[in-house]
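I opened this notebook page to record a look-up of salt bridges and surface patches. The entries follow the structure itself.

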Amino acid sequence: MRRNNWPEISSAFAIGIGVGAMLGLMLAPKSGEETRAMLREKAQEGIDEALEQGKRVARKARRATDTAREMVNDAAEAGQEAYREARNS
């Protein structure tokens, strides 16, 4: 599975919220006020979930960046050490 497919997932999630809201309006046995309150609540839950997912992605990206930075630093140090050893030989 591709790691960079979160935009597609987020888009599908947002579309699902929209379709669900429309179906909810059409099939709702509740009053208009109750239905609007429910839709606001569900929309807020969707927004909250999207924000949380974005935070998770940001944390993963930060960890990946830190790991890559450590690998580059380690490689640079190893190269410098190899250069010093070659120069002193």
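Below are my entries on provenance, salt bridges and a surface patch.

**Provenance.** I worked on a predicted model, in which local features need pLDDT of at least 70, side-chain atom pairs count only at pLDDT 80 or more, and totals for chains, interfaces and linings use all residues. Residues are numbered from 1 along each chain as its sequence is written, and side-chain values use heavy atoms, with hydrogens and water left out.

**Salt bridges.** I searched the whole structure for salt bridges (a side-chain nitrogen of Lys or Arg within 4 Å of a carboxyl oxygen of Asp or Glu) and found five. I looked up E45 and K42, whose side chains form one of them at 3.8 Å, N to O. The two are about one helical turn apart because they lie three residues apart in helix α2 (residues 32-88); helices are DSSP runs of H or I, at least four residues, numbered from the N terminus. E45 is partly exposed at 39% relative accessibility, and K42 is partly exposed at 43%; this class lies between buried (under 20% relative accessible area) and exposed (over 50%), with a 1.4 Å probe and protein chains only.

I next noted D66 and R69, bridged at 3.1 Å, N to O. D66 has 33% relative accessibility and R69 has 47%.

**Surface patch.** I recorded a nonpolar surface patch of I15, V19, L23, L25, M26 and L27, with about 640 Å² of accessible area together. Patch residues have over 30% relative accessible area and no salt bridge; like charges are joined within 9 Å, nonpolar side chains (Val, Leu, Ile, Met, Phe, Trp, Tyr) within 5 Å. Areas come from the Shrake-Rupley method with a 1.4 Å probe; for residues, only the protein chains shown count as cover. I placed L25 in helix α1 (residues 6-27).
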